[in-house]
Amino acid sequence: IFYSRWSGLKNNKFVNFRKVHTITASDSANVTFTSTYITSTFKRYTLEIFDLQAATDNQPFFVEFSTDNGSSYLTGSVDRINIGNTTDEGNDAIKSRNTTGNNQLQISGGTNFGTGTGEVGALTLQLVNFLDTAHYKLVYYTGAKVNSDGRGGIEFGGGAIQTTSAINNIKFTFSSGNITAGTFNLYGID
């Protein structure tokens, strides 16, 4: 059942965010949203992640994309740019990563997630045109975390998934080790 979470004005019309599904990770190998939740009901989705913790220290966080509900995941189809900074960097010392032809979208610019006391992350991702079969898919995100060095940091980034096939499954993993904790809320946007 969907319910309105918040709304706002766009072109003098109200835009509603409707909660589709919540997954709470607890020492999970991955968190996956299947075709049960990513449907043609919405053209755009917002995914909020908070209290995200890694089981293995100093790990990047990844998203993989499937067009066959997880039977396989795309390879060589993801272009990305990540921009990040932490409080232990000097002023204007922004770290960025730009790569093409990836198997997944890496969500960390220059610092990774850690396992120390208080090391946690929160992200908001926008998923655009995932069920559209005429265009490539877009993902963009913002976030904050206490990284593997115990420093506050920010993350901005995005990616293009180069397929015109409908994406109906996304999977979140760390590079190594489980997702110790995290709440993943998926919202459809009217």
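Tutor: Happy to. Let us begin with a term: a residue is called buried under 20% relative accessible area, exposed over 50%, and partly exposed in between. Keep in mind that this is a predicted model. With a relative accessibility of 34%, Ile83 therefore counts as partly exposed. Ile83 belongs to strand E6, and together with Ile81, Ile154 and Phe156 it makes a nonpolar surface patch of about 320 Å². Two strands, E6 (78-86) and E11 (152-161), each supply at least two residues of that patch.

Now to the aromatic rings. The structure holds seven aromatic pairs. One of them joins Phe65 and Phe130, with 6.0 Å from centre to centre and 70 degrees between the planes, an edge-to-face arrangement. Phe65 sits in strand E5 (residues 61-66), while Phe130 sits in the loop between strand E9 (121-128) and strand E10 (137-146), so this pair ties together parts that are 65 residues apart in sequence. Both Phe65 and Phe130 are buried.

Another pair is formed by Phe113 and Phe174: their ring centres are 5.5 Å apart and their planes stand at 65 degrees, so this pair is edge-to-face. Here Phe113 comes from the loop between strand E8 (105-106) and E9, and Phe174 from strand E12 (residues 169-174), so the contact links parts that are 61 residues apart in sequence. Phe113 counts as buried because its relative accessibility is 3%, and Phe174 is buried too, with a relative accessible area of 4%.

Phe113 and Phe174 also belong to an aromatic cluster, which they form with Phe61, Phe172 and Phe184.

At 13% relative accessibility, Asn129 counts as buried. Asp27 also has a positive phi, of about 50 degrees, although it is not a glycine. Asp27 is found in strand E2 (residues 13-28), and a relative accessibility of 52% is why Asp27 counts as exposed.

Key. Residues are numbered from 1 along each chain as its sequence is written. This is a predicted model: local features need pLDDT of at least 70, side-chain atom pairs count only at pLDDT 80 or more; totals for chains, interfaces and linings use all residues. Side-chain values use heavy atoms; hydrogens and water are left out. Patches are made of residues with over 30% relative accessible area and no salt bridge: like charges are joined within 9 Å, nonpolar side chains (Val, Leu, Ile, Met, Phe, Trp, Tyr) within 5 Å. Accessible areas come from the Shrake-Rupley method with a 1.4 Å probe; for residues, only the protein chains shown count as cover. A salt bridge is a side-chain nitrogen of Lys or Arg within 4 Å of a carboxyl oxygen of Asp or Glu. Helices (H or I, at least four residues) and strands (E, at least two) are DSSP runs, numbered from the N terminus. Buried means under 20% relative accessible area, exposed over 50%, partly exposed in between (1.4 Å probe, protein chains only). Rings of Phe, Tyr and Trp (its six-membered ring) pair if their centres lie within 6.5 Å; planes under 30 degrees apart count as stacked, over 60 as edge-to-face and the rest as tilted.
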